[in-house]
Amino acid sequence: MRGLVLGGGGLAGISWETGLLHGLAEAGIDVPGTADHVLGTSAGSTVAGQLASGLPLAELYRRQTDPELQNPEITPPAEALGALFETLGKLIAEIGDPTELRRRVGALALAADTVPAADRLAVIAGRLPRHDWPAWPLTVTAVDAETGEPRTFDRRSGVPLVDAVAASCAVPGIWPTVEIDGRRYMDGGVRSSNNADLMTGQQAVLVLAPMTDPFLAPELALLETTGKVLAVTPDEDSLAAAGPNPLDNAVRTPSARAGRAQGHRIAEQVRALWTA
């Protein structure tokens, strides 16, 4: 059993993960097509949702690199992201309990003045070539903005794929929370940028982690108790392509291209994991 974990990282993360998977496919390793389970958080939920469409990776890559094919996005002010990181840093230093921390972040998310929820949902719908859950196991993560409790969605949840992905991508303070079953949900990355620990029990797990994540190391250690794990983070070129604002639409083409090149460079490492 092989699992693919797609972590969060804004528009840069979407493009980088798509490019990296495309580069691996060009090297003869079809990771999504041979994975037994895919887990997506935030940007990773978008990539997973795009993979669910059944479109070839080459086409998904083209939609990231060709400006004429790129889905229209709403770009938040750069200062909004800086303010978010500053606030999160203060809360993390102040609050030791993870659930209470998520509740406090959720309160900020619920009170934030953002774009209308319908406008944001339209962006997410436009990102996904198809709006149906795939037949293969796909799990999308989110966090209840009121209780701070994590929740996962899949095809058995009775929740539309677009809503699940929108919830997983609802960066607190930047995008509106998403209402599902009478509850308000925010970005799954509030729990962990990757939530890789939810993929336990697999014989091999490939983790694509676009952002620095303090929870990643213990999550990998947990996965290693049941199988082999390889975590891939952006190399120097990919970090440069993403720049300081991963939500900037301008990073999409360079991030995808850098991811593709990195995919070629790490192909043998991934092949050793995936074909063992």
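Select Thr 65 to begin, and you will find it in helix α4, where helices (H or I, at least four residues) and strands (E, at least two) are DSSP runs numbered from the N terminus. With 12% relative accessibility, Thr 65 counts as buried, the term buried being used for under 20% relative accessible area, exposed for over 50%, and partly exposed for what lies in between (1.4 Å probe, protein chains only). If you leave out residues up to four places away in sequence, Thr 65 touches Gln 70, Thr 253, Ala 256 and Arg 257, a contact meaning heavy atoms within 4.5 Å.

Before moving on, keep in mind that this is a predicted model, in which local features need pLDDT of at least 70 and side-chain atom pairs count only at pLDDT 80 or more, while totals for chains, interfaces and linings use all residues. Residues are numbered from 1 along each chain as its sequence is written, and side-chain values use heavy atoms, with hydrogens and water left out.

Next, select helix α1 (residues 10–26) together with helix α4 (residues 57–65), whose axes come within 9 Å and cross at roughly 145 degrees; axes here are lines fitted to C-alpha atoms, for helices over the stretch in contact, and angles run from 0 to 180 degrees between N-to-C directions. Which residues of α1 meet α4? They are Ile 14, Ser 15, Thr 18, Gly 19, Leu 21, His 22 and Ala 25, and on the α4 side they meet Leu 57, Ala 58, Leu 60, Tyr 61 and Gln 64. By class, this contact of α1 with α4 has seven nonpolar, five polar and no charged residues, where Ala, Val, Leu, Ile, Met, Phe, Trp, Tyr, Cys and Pro count as nonpolar, Asp, Glu, Lys and Arg as charged, and the others, Gly among them, as polar.

Stay in helix α1 and pick out Ile 14, which counts as buried at 4% relative accessibility. Leaving aside neighbours within four places in sequence, Ile 14 is in contact with Ala 43, Thr 46, Val 47, Gln 50, Gln 64 and Arg 127.

Helix α8 (residues 161–168) is the next stop, and seven of its eight residues are buried, so it is largely enclosed by the rest of the structure. The buried residues of α8 are Leu 161, Val 162, Ala 164, Val 165, Ala 166, Ala 167 and Ser 168.

Finally, zoom out to the protein chain, which has 12 helices and eight strands. Its C-alpha atoms fill a box of roughly 45 × 45 × 35 Å, taken along the principal axes, and buried residues make up 54% of the 276 residues. Among contacts between residues at least 6 apart in sequence, 75% join residues at least 24 apart.
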